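Work through the exercises below with the model open. Each task is followed by a stepwise solution.

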Amino acid sequence: MKIEIASRITKTDLLVLPFFAGEKPSTAQKSELESYAYPDFEAKPNEALLLYQKNKLAPRVLLIGLGEPEKALQDTWRQAGGTATKSIKKNIHSITLLPPKEDLYRLSAFIEGFLLGHYRYEDFLRDEKRRLPVIETLTIIIEDKKITQLLQEKIREIQVVIDAVKSVRDMVNSPSNVMNPGIFEHLGKLTAKNGFKIGCKILDEKKLKKLGMWCLYGVGQGAKERPRMIVLEYKYKPKNKRPIVLVGKGICFDSGGINLKTQMLEDMKLDMAGAATVLGIFKILGALRPELHVIGLMPLAENMPSGEAIKSGDILTAFNGITIEVVNTDAEGRLILADALSYGIKTYDPETIIDIATLTGAAITAFGYGITPFLTNSPALKEKIETAAQTTDEKMWELPLEKTYRKNLESPIADLLNSNPKAGASTIQGGLFLENFVGEKPWAHFDIAATAYIPEAKPYIPKGATGKHVRTLWELLKHYGD
Ligand code: BES
Ligand code: ZN
Ligand code: ZN
């Protein structure tokens, strides 16, 4: 989709007019609306009304509500953008936006929402009619020269970031017979090849054994498709002295293993969303070339039951030597992260390490599908995360790394248990387990079990994979040195 800025309306298939409740249309909007009456349109947030007219520059006009002006937030504009895309039919190819106010941040948010909302996972849809309409151009009408220039610069960043979000959605929506560790490896290499200053290294199963990553190896040992780890490195005139390491859980299918799941199995292709998010971030780094040094670690495996699989009660040794009693083979995410985090710390001595993982079903119970819990050992990192998440409106909430709960993970026969069903607080337990593998380094853990994949669509997020937190992590990286 091409995004352009123009100072006057020319021929377009659809004209989009966002409106505040209780406010008169702007002068420019008014002249487009002369021949209409729309007495029932209240301009409530996300209210949409499509009007048709003959022989005009714009044969269709779409009114979009923004609610009361004093209540409108940046996300109101993002949502309005998403609502606008939803109204688009097959024969609409060019769209023009005539905003009520010329404001860089609001217009950026509208464009973000518009692009984010225009998504469908269609790899397996054979019927053309079921595919997403192709939008060729979105034209924004702006008169102010300064805003035009600033928005022009911003548009490229928005397009790169939203393309990355969509690529994450595609990966997570892809079924596990397509998106397996082998295909993921291929996509990792491709991202490195197509991006600026990205190196790629694969730790295959032989290497995992040699390095002593027995947790990642163990989780993947029962599957035909073999476990492995992708290591990506982006380095360009870095502002940060030591790297930032991002780690993403990459379980391409989580059956639970020998502790076989009984619920939501058909959704468990989602369990590589963390790794997909990290790959998405590297697409952005490789395109936007920020002055940073970032490492991406994507431990990949399928958690399957078989004659070769790890069994409940087995003991595994992690990369840093810690021994773990696997009381539940379904708590596998923390095992592969244990190896990846300790490998990241030892190999790169990072300034900051962040992991992103669909770790616990309890995140859904506690927060629903709209808020991501996170845990961190660093107040400074917490602030960075919260600032970034506020900008992107990807809601996050900190949970405590409660010290007195540490004893719940003590094992009588090993250093750690991988879970303790009697202790409750499963999301916190996950964080406390991971804390053992990061030492004193500033670290944060995002539990995206609820927010990576949702059962019902939101204004600019379709049902299924959301691609959430690509935007937040990018925002955090972009302002890392500030
Ligand atoms: N991949 C799941 C978590 C999950 C559940 C993600 C639902 C998305 C939706 C994870 O590996 C898991 O099975 N966690 C267990 C942990 C428990 C055994 C300690 C859980 O949450 O039940
Ligand atoms: Zn599991
Ligand atoms: Zn899992």
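## Exercise 1: A chain of charged partners

Glu112 counts as buried, because its relative accessibility is 13%. The model is a predicted one.

**Task.** Find the salt-bridge partner of Glu112 and say which helices the pair links.

**Solution.** 
1. Start from Glu112. Arg78 forms a salt bridge with Glu112, and the closest N and O atoms are 2.7 Å apart.
2. Arg78 sits in helix α2, Glu112 in helix α3 (residues 104-117). The two are 34 residues apart, so the pair links distant parts of the chain.
3. Check the burial of Arg78. Its relative accessibility is 0%, so Arg78 counts as buried.
4. Look for another partner of Arg78. Asp75 forms a salt bridge with Arg78, again with closest N and O atoms 2.7 Å apart.
5. Explain the spacing. Asp75 and Arg78 are separated by about one helical turn, because they are 3 residues apart in helix α2 (residues 74-86).
6. Check Asp75. At 11% relative accessibility, Asp75 counts as buried.

## Exercise 2: A buried arginine

**Task.** What is the nearest side chain of opposite charge to Arg60, and how far away is it?

**Solution.** 
1. Locate Arg60. It is in strand β4 (residues 60-65).
2. Arg60 is buried and has none. The nearest side chain of opposite charge is Asp13, 4.8 Å away. The cut-off is 4 Å.
3. Turn to the backbone. A polar side-chain atom of Arg60 lies 2.8 Å from the backbone oxygen of Asp13.
4. List further contacts. Beyond four places in sequence, Arg60 touches residues including Leu14, Leu50, Tyr52 and Asn91.

## Exercise 3: Positive phi

**Solution.** 
1. Recall the background. Most residues other than glycine have a negative phi.
2. Take Asn46. Its phi is near 65°, a positive value. Asn46 lies in the loop between α1 (27-33) and β3 (48-52). At 26% relative accessibility, Asn46 counts as partly exposed.
3. Take Lys237. Its phi is near 35°, also positive. Lys237 lies in the loop between β8 (228-235) and β9 (244-248). At 52% relative accessibility, Lys237 counts as exposed.

## Exercise 4: The ligand site

**Task.** Which of the 18 residues around ligand 1 come nearest?

**Solution.** 
1. Name them. Asp254, Lys261, Asp330, Glu332 and Gly361 come nearest.
2. A polar side-chain atom of Lys261 is 2.8 Å from an oxygen atom of ligand 1.
3. A polar backbone atom of Thr358 is 3.5 Å from a nitrogen atom of ligand 1. For Leu359, a backbone N or O atom lies 3.3 Å from a ligand nitrogen atom.

Technical notes
Residues numbered from 1 in each chain as written. Chains lettered and ligands numbered in written order. Predicted model: local features only at pLDDT ≥ 70, side-chain atom pairs only at ≥ 80, totals over all residues. Heavy atoms only, no water. Helix = DSSP H or I, 4+ residues; strand = E, 2+ residues; numbered from the N terminus. Buried < 20%, exposed > 50% of the residue type's maximum accessible area, 1.4 Å probe, protein only. Lys, Arg positive; Asp, Glu negative; His and termini not counted. Polar contact = N/O pair within 3.5 Å; in protein donor to acceptor, adjacent residues only side chain to side chain. Contact = heavy atoms within 4.5 Å. Near = heavy atom within 4 Å.
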